[in-house]
Structure formats: C-alpha cells, structure tokens
Amino acid sequence: MINYNGRKFVSVENTANGEVSSKTFFEYKQEGNILSASYRGGEIVKGTLIGFVQADGSLQFRYNHVNARNEIRGGQCSSIPETLPDGRIRLHEKWKWTDHDQSEGESIVEEIK
C-alpha cells in the first residue's frame, strides 16, 4: 500500500468546471487507511478532504472548500495512483460536485518533492 502521509501535491490538469489549478497545493496525512488533507491556492481560499486509502493505493474521499467568491463547495472523488519514473506519485482523479452543481470532471495532481 502507498503511504500518503506527509506527501505534497499540486494540480497539473483539470476540467473547466473544476476550481483547482496549478496554484493549488495539497498536503496529505494518513493514519492507517484514513486519508486527510488540507489544500489552498488559486481560487481555493481553504479546503479539506477526508477519505480512505484502498489496499491498491487508490483513494476515495470527499472534499469541501471555500473559494475566492466566498462560496462553500463540495464533492466526492476517486483517485488512481501512478508511480512516475522518479518515484513521485501522479493521481488520476474522477470527481463530482455534490452541491448545487452536480457536474463531473477529471483532474491530475502530481507529488512535489
């Protein structure tokens, strides 16, 4: 199993209906199979996520944040890890807003060393 504790990620790709950008940074924590993270930057003033790390290293989590328009947004996400040649992790994410929007999207975040 991948241990995400202490790893930092940045968004490198996102669909147009997402609010995360290359200015958004994530700091992951892991206790057992429970994953949590804080994130901020770009359109995101402050965000948190919580979920599970599956046995194969994939992630299932829910996220909530306050954006630059002072709105509270939230959704759910499934992430599939890829190990890059240099050992960093790239996460391929499929997500869905669960607030007023309900639209879906995809994004990629990569570990920062």
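These notes go through the barrel, its strands and its cavity.

1. **Basis.** This is a predicted model; local features need pLDDT of at least 70, side-chain atom pairs count only at pLDDT 80 or more, and totals for chains, interfaces and linings use all residues. Residues are numbered from 1 along each chain as its sequence is written, and side-chain values use heavy atoms, with hydrogens and water left out.

2. **Overall fold.** 8 strands close into a barrel, in the order E1-E2-E3-E4-E5-E6-E7-E8, with antiparallel pairing. Neighbouring strands of this sheet are turned by 30° against each other on average, direction ignored. Strands here are DSSP runs of at least two residues, numbered from the N terminus. Two strands pair if DSSP finds at least two bridges between them. For the angle, axes are lines fitted to C-alpha atoms, and angles run from 0 to 180 degrees between N-to-C directions.

3. **E1 with E8.** Strand E1 (residues 8-14) runs antiparallel to strand E8 (residues 104-112), and 6 bridges join them. Lys-8 has Ile-112 as its bridge partner in E8.

4. **E4 with E5.** Strand E4 (residues 44-53) and E5 are antiparallel, joined by 9 bridges. Thr-48 is partnered by Asn-64 in E5. Their hairpin has 5 residues between the strands, and Gly-57 takes a positive phi near 90° there.

5. **E5 and its faces.** Strand E5 (residues 59-67) has a covered face made of Leu-59, Phe-61, Tyr-63, His-65 and Asn-67. Gln-60, Arg-62, Asn-64 and Val-66 are on the uncovered one. In a regular strand the side chains alternate between the two faces of the sheet.

6. **E5 with E6.** E5 pairs with strand E6 (residues 72-83) over 8 bridges, again antiparallel. Gln-60 sits opposite Ser-78 in E6. The hairpin has 4 residues between the strands, with Asn-70 at a positive phi near 60°.

7. **E6 with E7.** These strands pair in the antiparallel sense over 9 bridges. Ser-78 is opposite Lys-94 in E7. Their hairpin has 5 residues between the strands, and Gly-87 has a positive phi near 95°.

8. **Gln-76.** Gln-76 lies in strand E6. Leaving aside neighbours within four places in sequence, its contacts include Phe-61, Tyr-63, Lys-94 and Trp-95. Contact means heavy atoms within 4.5 Å. Gln-76 and His-92 are 16 residues apart in sequence and 14 Å apart in space, C-alpha to C-alpha.

9. **E7 and its faces.** Along E7, Ile-89, Leu-91, Glu-93, Trp-95 and Trp-97 point to one face and are buried.

10. **E7 with E8.** 7 bridges join this antiparallel pair. His-92 is opposite Ile-108 in E8. The hairpin has 6 residues between the strands, and Gln-102 in the turn has a positive phi of about 70°.

11. **Cavity.** The structure holds 1 cavity of 30 Å³ or more, and the largest cavity has a volume of about 190 Å³. Of its 15 lining residues, the closest to its centre are Val-20, Tyr-63, Glu-93, Trp-95 and Ser-107. A cavity is a set of points on a 1 Å grid over the protein atoms alone where a 1.4 Å probe fits but cannot get out; lining residues have an atom within 4 Å of a point. Grid points are joined across faces, edges and corners, and a volume is the space filled by probe spheres set on the points. E5 and strand E7 (89-97) each supply at least two lining residues.

Terms used
Buried means under 20% relative accessible area, exposed over 50%, partly exposed in between (1.4 Å probe, protein chains only). On a 1 Å grid over the protein atoms alone, a cavity is a set of points where a 1.4 Å probe fits but cannot get out, and a pocket is an open set with protein on both sides within 12 Å along at least five of seven lines; lining residues have an atom within 4 Å of a point.
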